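User: I am new to this structure. Please take one part of it and look at it closely.

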Amino acid sequence: MTVLRTLNLVRIYQNGGVPVPAVRGVDFTVAAGEFVAIMGPSGSGKSTLVHMLGGLDARTSGEIWLDGKRVDTLSESAWAVLRRRKIGFVFQFYNLVTNMTVADNVELPALLAGMSPREARERREYLLGELGLTERAYAAPAELSGGEQQRVALARALANGPQLLLADEPTGNLDSRNTRDVLKLLGEVHRQGQTIVVVTHDAKVASKADRVVTLADGMIVDDASMRRRRFTPGTAGDVVELRG
Ligand SMILES: Nc1ncnc2c1ncn2[C@@H]1O[C@H](COP(=O)(O)OP(=O)(O)OP(=O)(O)O)[C@@H](O)[C@H]1O
Ligand SMILES: [Mg+2]
């Protein structure tokens with residue numbers, strides 16, 4: 001089953017009257033339960049693409065289909081409803097609500113999606129626990145390091161149990177231990193069936209994905225399935241195989 005599909009998606013910014021083509025005709029399909037990494041050099045259009053997929057930036061032309069419905073034509077308020085119910089978004093630069101505690105930042109999307117206060121609290125405790133943030137639950141975002149804020153942003157994006165998780169560089173500011181926590185959580189929700197599209201520069205993150213899509217100059221230049229072989233004791237271990 002297809003969760004997400006784009007058809008000839010284009011985004012051209014206007015920079016003082018000069019057109020800047022950021023995304024130039026992307027055809028992209030994500031199946032339910034798939035974990036896709038988007039890679040590519042700085043400026044290749046990765047953030048622009050995922051922002052459009054989450055309805056956070058308008059397309060110039062082309063189509064976006066989510067869960068069998070065309071969504072690129074939706075109004076901003078209809079997008080907001082859709083995001084609340086179906087999408088979790090991790091921004092490249094966190095975007096936490098500054099005057100709310102970490103706990104409230106994470107619980108709010110769960111409550112908005114219709115969970116009971118008890119379910120929202122349990123979900124928050126689970127997510128913050130997995131990310132090593134239990135002790136920071138009652139801190140304000142401004143009291144956290146960049147890496148801590150980034151992990152809170154991931155917990156918040158997963159709080160509503162989204163059909164689709166979109167994450168823009170979720171480990172961009174993390175050291176290796178915290179990257180490991182984020183990867184562990186992504187792996188865990190993926191095993192539970194979570195569909196994930198993650199923009200990353202980090203090969204460790206990409207190696208967890210089922211597929212790596214490479215953008216260059218706003219176009220997909222490579223789309224490779226990674227077939228993971230299970231670890232068998234006494235062999236070379238986790239071998240990742242690239243298929244064209
Ligand atoms: N709001 C904007 N107005 C004008 N140009 C923009 C805007 N946002 C992005 N661009 C341009 O569009 C192109 C793609 O930018 P984008 O942020 O999508 O790249 P990226 O692949 O996410 O890069 P990075 O790895 O540095 O985050 C770049 O040339 C960028 O300068
Ligand atoms: Mg970016």
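Analyst: Helix 5 is covered at its buried residues by several elements, including strand 6 (87-90), helix 3 (102-112), helix 4 (117-130), strand 7 (164-168) and helix 6. Here helices (H or I, at least four residues) and strands (E, at least two) are DSSP runs, numbered from the N terminus. The model is predicted: local features need pLDDT of at least 70, side-chain atom pairs count only at pLDDT 80 or more, and totals for chains, interfaces and linings use all residues. Residues are numbered from 1 along each chain as its sequence is written, while chains are lettered from A and ligands numbered from 1 in the order in which they are written.

How many of the 13 residues of helix 5 are buried? The count is 11, so helix 5 is largely enclosed by the rest of the structure. A residue is buried if 20 or more other C-beta atoms lie within 10 Å of its own, exposed if 12 or fewer, and partly exposed in between; C-beta atoms are placed from the backbone. The buried stretch includes E148, Q149, Q150 and R151. V152, A153, L154, A155, R156, A157 and L158 are buried too.

Now its length. Helix 5 reaches 19 Å from its first C-alpha to its last. That is close to the 18 Å expected at 1.5 Å a residue. The expected span is 1.5 Å times one less than the number of residues.

Next, its partner. Helix 5 (residues 146-158) and helix 6 (residues 176-191) have axes that come within 11 Å and cross at roughly 10 degrees. Axes are lines fitted to C-alpha atoms, for helices over the stretch in contact, and angles run from 0 to 180 degrees between N-to-C directions. The two helices are therefore roughly parallel to each other, a label for angles under 35 degrees. On helix 5, the contact is made by G147, R151, L154 and L158. Helix 6 brings N178, V182 and V189. Two residues are in contact if their C-beta atoms, placed from the backbone, lie within 7 Å. By type, the contact residues divide into 4 nonpolar, 2 polar and 1 charged. Ala, Val, Leu, Ile, Met, Phe, Trp, Tyr, Cys and Pro count as nonpolar, Asp, Glu, Lys and Arg as charged, and the others, Gly among them, as polar.

One residue sits in the loop between strand 7 and helix 6: E169. E169 has a positive phi of about 55 degrees, although it is not a glycine. E169 counts as buried, with 21 C-beta neighbours inside 10 Å.

Note on methods. Angles under 35 degrees count as roughly parallel, over 145 as roughly antiparallel, 65 to 115 as roughly perpendicular and the rest as oblique.
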